[in-house]
Amino acid sequence: MRAYTKAFSISTKWGFENRSWNKVDNHNATYKLTRQSIPDLPSSLVQGARDCACEALKAVKCETFPERKPLSAMRYNQRVITVNLVHGIATIASTKGRIKATFFVPSNYRDYLSWSIKSSTISYDRRNKVFYLHISLEHSDPEKIADLNILGIDRGIVNIAVCSDNRFFNSKKTKNRRARYAYLRKELQSKGTKSAKRKLKRLSGKERRFGTDVNHCISKQIVNSEYTVFALEELSKIRVQKRRGKEFNSKLNSWPFYQLEQFIRYKAEAIGKHVLLVDARYTSQKCSNCEHTYKGNREGSAFLCRKCGLEIHADLNASRNIAQAGISCLSRLSCQPAECIPT
Ligand SMILES: [Zn+2]
């Protein structure tokens, strides 16, 4: 990792000084020098570091000098790493030749070992002195959607997920844990000491792992239902529109919502089901019964339609609108293929 970082900085230095993120130019200018100064680093890793450097330069348009910590995560292409997911063995190019390492695949991911490997990253946890191998996998042939059995899912803060078939995913345990984390975080933040900062970091790791676990559990239950298509709001689009104000903004900024989507997606694809992202506009204001759209229909978690009188939990109403949007999206599919292709 240290050698890789050294190669990275040789490339970034040249790119920064010459205001260029062109990979070929960078290669021509730095390759020989890098090989000479770090002879132990395999050439494909030198190239990997160079590509990484050029991408970092491009990201900042050469305005600032991209820094890399000596033990930052490294991306490995298929030439420098061989991964056997089934047996949990990886052979990795290193400064000491190819080394063989074994790894453990968490049970949540065991069903996907037959998928093809897209990319690999190795990171190092200094505190626990362990290396992590991150693999992203790809499923090549999603099946065609046969029937329109759609489930709408509304993601939220109070209720993590509410489904159009009346299922609410929230638990006292989750709520309590979240509240405790929030309290501890506030306490530690107000202290501001070095040790408090360290504890804060550890806390956020714990919180993250807990959230991941919850998302695994919820996505599994959703995907294993009788539904074949799962409709969710497209979060990236809402960011611009800001239709739902404060609640939605915090919703967008937090990773658990995106992670839940990812988990539903890959668990669904593994068994030939689909995820559909729909336009989220008005999902909270619109009545899922008569389509009357009015801001005042919703008050906190209560939804009361001023036109037809429907009284329903606001999140459930939203999830039904999402399901409805999914259905119209699928039926439009034949004439407007670019609009909303199930992904
Ligand atoms: Zn209504």
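**A chat on strands, cores and a zinc site**

Student: How many bridges join strand β5 to strand β6, and do the two run parallel or antiparallel?

Tutor: Nine bridges join strand β5 (residues 116-125) to strand β6 (residues 130-138), and the two run antiparallel. Helices (H or I, at least four residues) and strands (E, at least two) are DSSP runs, numbered from the N terminus. Two strands are taken to pair if DSSP finds at least two bridges between them. The model is a predicted one, in which local features need pLDDT of at least 70 and side-chain atom pairs count only at pLDDT 80 or more, while totals for chains, interfaces and linings use all residues. Residues are numbered from 1 along each chain as its sequence is written, and side-chain values use heavy atoms, with hydrogens and water left out.

Student: Which residue of β6 stands opposite I122?

Tutor: L133 is the residue opposite I122. The β5-β6 hairpin has four residues between its strands, and K129 takes a positive phi near 55 degrees there.

Student: What does I81 touch, leaving out residues up to four places away in sequence?

Tutor: I81 touches Y76, T91, I92, R98, S120, I122 and L133, where contact means heavy atoms within 4.5 Å.

Student: Which residues of the largest nonpolar core touch the most other members?

Tutor: Of its 24 residues, they are Y4, I38, L41, L45, Y76, I81 and I92. Elements that each supply at least two residues of this core are α1 (2-17), α3 (43-59), β1 (74-76), β2 (81-84) and β3 (89-94). There is also a second, separate core of 23 residues, and among its members are I160, C163, V223 and I264. A nonpolar core is a set of buried Ala, Val, Leu, Ile, Met, Phe, Trp, Tyr and Cys residues joined through side-chain atoms within 4.5 Å. Buried means under 20% relative accessible area, exposed over 50%, and partly exposed in between (1.4 Å probe, protein chains only).

Student: Back to α1: is A3 buried or exposed?

Tutor: A3, in helix α1, is buried, with a relative accessible area of 16%. A3 touches I38, L41 and T95, not counting residues up to four places away in sequence. Between A3 and S94, which are 91 residues apart along the chain, the C-alpha separation is 9.4 Å.

Student: And H216, which residues is that one in contact with, neighbours within four places in sequence aside?

Tutor: H216 is in contact with N108, Y109, F263, Y266 and K267. H216 lies in helix α5 (residues 194-223) and is buried, at a relative accessible area of 4%.

Student: New topic: how do β10 and β11 run, parallel or antiparallel?

Tutor: Parallel, with five bridges joining β10 (residues 229-233) to β11. V229 has H274 of β11 as its bridge partner. In β11 (residues 274-278), four of the five residues are buried. E233 of β10 is buried as well, with a relative accessible area of 0%.

Student: Which residues coordinate the zinc ion?

Tutor: C287, C290, C305 and C308 do, each through SG, at 2.2 to 2.4 Å. Their spacing in sequence is C-x2-C-x14-C-x2-C. Donors are N, O and S atoms within 2.8 Å of the metal (3.2 Å for Na, K and Ca); water is not among the atoms, so sites may look incomplete.

Student: Why is the arrangement around the zinc ion tetrahedral?

Tutor: The four donor atoms subtend angles of 105 to 113 degrees, which makes the arrangement tetrahedral. Four donors count as tetrahedral if all angles lie between 85 and 135 degrees; four count as square planar and six as octahedral if opposite donors are over 155 degrees apart and all others between 65 and 115, and anything else is irregular.

Student: What order do the strands of the open three-stranded sheet have?

Tutor: The order is β12-β13-β14, with antiparallel pairing. β12 and β14 stand at the edges with a single partner strand each, so one side of each is left without a neighbour in the sheet. Two bridges join β12 to β13, and E299 stands opposite A302 in β13.

Student: Finally, how many helices and strands does the chain have?

Tutor: The chain has nine helices and 14 strands, and 38% of its 343 residues are buried.
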